[in-house]
Amino acid sequence: MHVGEDKYDVFLSHASEDKDDIARPLALALRRRGLRVWYDEFELRIGDNLVAKLNAGMNTSRFGILVLSKDFFGKDWTEYELNTLESLAVTEDYILFPIWHNISVEELRAYRASLANIFARSTANHTIEEIAIEIHEIILESSMLY
């Protein structure tokens with residue numbers, strides 16, 4: 001198992017530019033299915049220490065969702081989250097769910113080649129609802145193993 005006791009099923013990492021198109025609708029779709037989602041709009045309050053809240057969210061989640069887009073790469077916060085989530089995936093029992101949003105495999109490889117080796121879903125080929133259903137099914141299946 002990973003660092004912390006599970007408080008969340010998934011941690012959702014995204015660029016603020018992708019919030020309206022995919023991040024918020026996906027977070028809400030996962031919540032409707034009963035999943036515990038760490039999503040900034042659900043968790044952050046005035047006065048919170050951002051690094052502490054991010055670390056707590058990532059370390060007490062079983063899975064990480066990465067909404068990978070051109071806007072995602074090159075930002076300090078998303079880079080921090082990506083580095084932390086990749087580390088958890090290597091050192092702990094932590095699975096990443098990459099979602100490609102308006103980005104090609106070539107562009108993804110140019111930013112972070114290692115992410116192109118993780119089976120992903122793309123918003124070009126799947127609806128948010130389809131992606132939420134698949135993530136939910138995988139989490140339910142993995143819950144039966146513990």
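Colleague: Is Asp 40 buried, exposed or partly exposed in this predicted model?

Modeller: Local features of the predicted model need pLDDT of at least 70, side-chain atom pairs count only at pLDDT 80 or more, and totals for chains, interfaces and linings use all residues. Side-chain values use heavy atoms, without hydrogens and water, and residues are numbered from 1 along each chain as its sequence is written. Buried means under 20% relative accessible area and exposed over 50%, with partly exposed in between (1.4 Å probe, protein chains only). Because its relative accessible area is 22%, Asp 40 is partly exposed.

Colleague: Which residue forms a salt bridge with Asp 40?

Modeller: A salt bridge is a side-chain nitrogen of Lys or Arg within 4 Å of a carboxyl oxygen of Asp or Glu. The closest N and O atoms of the pair are 2.9 Å apart, and the partner of Asp 40 is Lys 19.

Colleague: How many residues apart are Lys 19 and Asp 40?

Modeller: Helices (H or I, at least four residues) and strands (E, at least two) are DSSP runs, numbered from the N terminus. Lys 19 lies in helix H1 (residues 19-32) and Asp 40 in helix H2 (residues 40-43), so this pair links distant parts of the chain, 21 residues apart.

Colleague: Why does Lys 19 count as buried?

Modeller: The class follows from the relative accessibility of Lys 19. Lys 19 counts as buried because this value is 12%.

Colleague: How many residues apart in sequence are the parts that Arg 62 and Asp 9 tie together?

Modeller: Arg 62 forms a salt bridge with Asp 9, with closest N and O atoms 3.9 Å apart. Arg 62 lies in strand S3 (residues 61-68) and Asp 9 in strand S1 (residues 8-13), so the separation is 53 residues.
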